[in-house]
Amino acid sequence: MGRVLSIEVSPQDVMASRFAISPLIETLHALWLLSRRRSAGMHRRWVEDGRRPYERLVRERPALAALVALFRNGDYNADFIAPPPSGVNVAFDDEIAAMRATPPEQAHVEIARNLRGAPPPPPDVRAILDRPDVVALFADALEAVWREIVAPGWPRVQAILERDVVQRAGRLATYGWAAALDDLSPRVAWRADGGAGHIQVRMDNPGGDERHRLDGRGLLFVPSVFGAGVGAYLEDPWPYALVYPARGIAVESRPSAGLARLIGRTRAEILLRTPATTTQLAALLGLSVGGAGGHVAALREAGLITGTRVGRSVLYRRTALGDALVDGSA
């Protein structure tokens, strides 16, 4: 039987809430897949491509196997390994530097909590976990996975994450909590309660239900491509955060032959992947920004998409006519 986390929020928390993208958290989630600690699912092809470099890194860096040994599905995992990010465009180097600053005493306390109730690790793994430089060893291992396996495909992953952030942040600011949480996950629900409200998160791991209050600090939303389900950071000193599956991960569908013949395959694929910016579409489809911009301009002139400025970018969405074309070809 799982437990329920209830997070009380107020209207003030809408203004304080924000979205962030974490290359470090994505690298950690990728490790779950590469190590077979979690089913690859729709990422099977990506995992197959990364298997050989991953196995080489495990041979070269024993700390990587020790890090994977800490993975516990539905239970506590040491927080210092991937702290919540500070913003949307945070760099991996900045995140790994923050992780390296973890005091050894804190790391060992979290590792001990991580291992509580689990079978004892093998002696070679235990020796690494007990080392005073375990933080540096873990950071070096994660950095190697990032550089060799995750970073080469990061532009496409980042485009999916940014597209989710733009769309969901707009919902939160315009329509409130219920709209922002809609379709975030079947495990997440919004419960209105007078002047306040509650975000309820159903967790797999056993234990008593928990109640938390944001008290005006807002909530940090962190979308993930490689992660599964919803994860919660609800302990000080971290910002309260929810990690959730990003929209559009499974958008690998192709346009129908009829739609592709009508407007061209690339323009049909752009229609399927909106809302998105030109830069995001270029990354998702492997186009130059100029090439993507030309197709976007043609679709806009035809009345199939429309643009709305969001910060420094323009977010393109399908019009009613564009929706009708896509729906009619499905």
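**Salt bridges, sheet and overall fold of a predicted model**

Asp133 is partly exposed, with a relative accessible area of 29%. Here buried means under 20% relative accessible area, exposed over 50%, and partly exposed in between (1.4 Å probe, protein chains only). The model is predicted: local features need pLDDT of at least 70, side-chain atom pairs count only at pLDDT 80 or more, and totals for chains, interfaces and linings use all residues. Residues are numbered from 1 along each chain as its sequence is written, and side-chain values use heavy atoms, with hydrogens and water left out.

Asp133 meets Arg131 in a salt bridge between their side chains (2.8 Å, N to O). A salt bridge is a side-chain nitrogen of Lys or Arg within 4 Å of a carboxyl oxygen of Asp or Glu. Arg131 is partly exposed, at 37% relative accessibility. Salt bridges with shared partners also join Asp93, Arg100, Asp140, Glu143 and Arg147 into one network. The search of the whole structure finds 17 salt bridges.

Helices (H or I, at least four residues) and strands (E, at least two) are DSSP runs, numbered from the N terminus. Arg44 and Glu48 form a salt bridge through their side chains (3.1 Å, N to O). These two residues are 4 apart in helix 3 (residues 44–60), a separation of about one helical turn. Glu48 is partly exposed, at 47% relative accessibility. Arg56 forms a salt bridge with Glu148, with the closest N and O atoms 2.2 Å apart. Glu148 lies in helix 8 (residues 134–150) and Arg56 in helix 3, so this pair ties together parts that are 92 residues apart in sequence. Both count as partly exposed, Glu148 at 37% and Arg56 at 28% relative accessibility.

An open sheet is formed by 4 strands in the order 3-4-1-5, with mixed pairing. Two strands pair if DSSP finds at least two bridges between them. Strand 3 (188–193) and strand 5 (210–213) stand at the edges with a single partner each, so one side of each has no neighbour in the sheet. Strand 3 runs antiparallel to strand 4 (residues 196–203), and 6 bridges join them. Asp193 stands opposite Ala196 in strand 4.

The protein chain holds 15 helices and 10 strands. Its C-alpha trace spans about 65 × 55 × 35 Å along the principal axes. Of its 330 residues, 47% count as buried.
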